[in-house]
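Please examine the sequence and the structure shown below.

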Amino acid sequence: MEEISQLTGLPFENFPSVIGDCQRAGLVLVKDNFREDASVLEEMKTTRDLMVVMNDGRGWLDQNRDIVYGRLRDPDKLTRVVLLHPASPFLETLIRKNGKTRATQIEEIRRSYEALEKHAASDGHLDVRGHFGFNGFSLTMGDRYAFVSPYFFNESGALPLLKFSSRAEHGLYHRLRADAIELFDVAVPLKPEDFQ
């Protein structure tokens, strides 16, 4: 226990309670940089039902193009993506966060939408929607795990990563899934005219 205390910086008497709290929450991994963990890629490849909540989706698609497009060709997989709607009042916050022009930021949302639609099979296994709320994190959620990365106000490529397991009966995975479904249900299907 003393070694663990030295490695983690947690006082010896707090370590068991921290482990218990993490287990109850279903938290199985924390990384300073999401690029340090590749298990999100396996979840995106294999999960039957993938839900992604992003602001513009640009970085996610650029980094995971082959996996995402492969999913879209698989009739046994459902992919739901929720992006910030170009008419959302919170677009101004995203513009300030990323330091981009309004036209550039809308173009990045449009580019993500069009790339997904272009590679989707015609059988309805893709649903891309736009939400009008405020989103302070990215979420990639599969059948087994939820991966959450909180955004910083200034655009940054190295976001932290929290991974939650669905196995914790009352863990945060289930709350994250319920919130994501609720957001998806109130979001509206994106259409080409939304970007004009």
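Helices α3 and α4 pack at an angle of about 30 degrees, and their axes lie 9 Å apart. In this description, axes are lines fitted to C-alpha atoms, for helices over the stretch in contact, and angles run from 0 to 180 degrees between N-to-C directions. Helices here (H or I, at least four residues) and strands (E, at least two) are DSSP runs, numbered from the N terminus. From α3 the contact is made by L41, M44 and K45, and from α4 by W60, N64, I67 and R71; contact means heavy atoms within 4.5 Å. By class, this contact has 4 nonpolar, 1 polar and 2 charged residues. For these classes, Ala, Val, Leu, Ile, Met, Phe, Trp, Tyr, Cys and Pro count as nonpolar, Asp, Glu, Lys and Arg as charged, and the others, Gly among them, as polar.

The model is predicted: local features need pLDDT of at least 70, side-chain atom pairs count only at pLDDT 80 or more, and totals for chains, interfaces and linings use all residues. Residues are numbered from 1 along each chain as its sequence is written, and side-chain values use heavy atoms, with hydrogens and water left out.

Which residues of α3 are buried? In this helix, residues 39-46, the buried residues are V40, E43 and M44, where buried means under 20% relative accessible area, exposed over 50%, and partly exposed in between (1.4 Å probe, protein chains only). Seen down the axis of α3, these buried residues fall within an arc of 100 degrees, so they line one face of the helix; the arc is that of the directions from the helix axis to the C-beta atoms. The elements that cover them include β2 (49-53), α4 (58-72), β5 (137-141) and β6 (145-150).

Strand β2 is itself mostly covered, with 5 of its 5 residues buried. On one side these are D49, M51 and V53, and on the other L50 and V52. Strands of a sheet pair through backbone hydrogen bonds, either parallel or antiparallel. β2 pairs with β3 (residues 78-84) in the parallel sense over 5 bridges; two strands pair if DSSP finds at least two bridges between them. L50 stands opposite T79 in β3. T79 counts as buried because its relative accessibility is 0%. Leaving aside neighbours within four places in sequence, T79 is in contact with L50, R71, L72, H125, L126 and D127.

β3 also runs parallel to β4 (residues 126-131), to which 6 bridges join it, and L83 stands opposite G130 in β4. These strands belong to an open sheet of 8 strands with mixed pairing, in the order β1-β7-β6-β5-β2-β3-β4-β8. At its edges stand β1 (27-31) and β8 (188-189), each with a single partner strand, so one side of each is left without a neighbour in the sheet.

Helix α5 (residues 91-98) has the buried residues L91, L94, I95, K97 and N98. Seen down the axis of α5, they fall within an arc of 165 degrees, so they line one face of the helix. These buried residues pack against β3 and α6 (102-119). After α5 comes G99, whose phi is positive, near 65 degrees. In α6 is R102, which counts as partly exposed because its relative accessibility is 38%. Not counting residues up to four places away in sequence, R102 touches P86, L91, E92 and I95.
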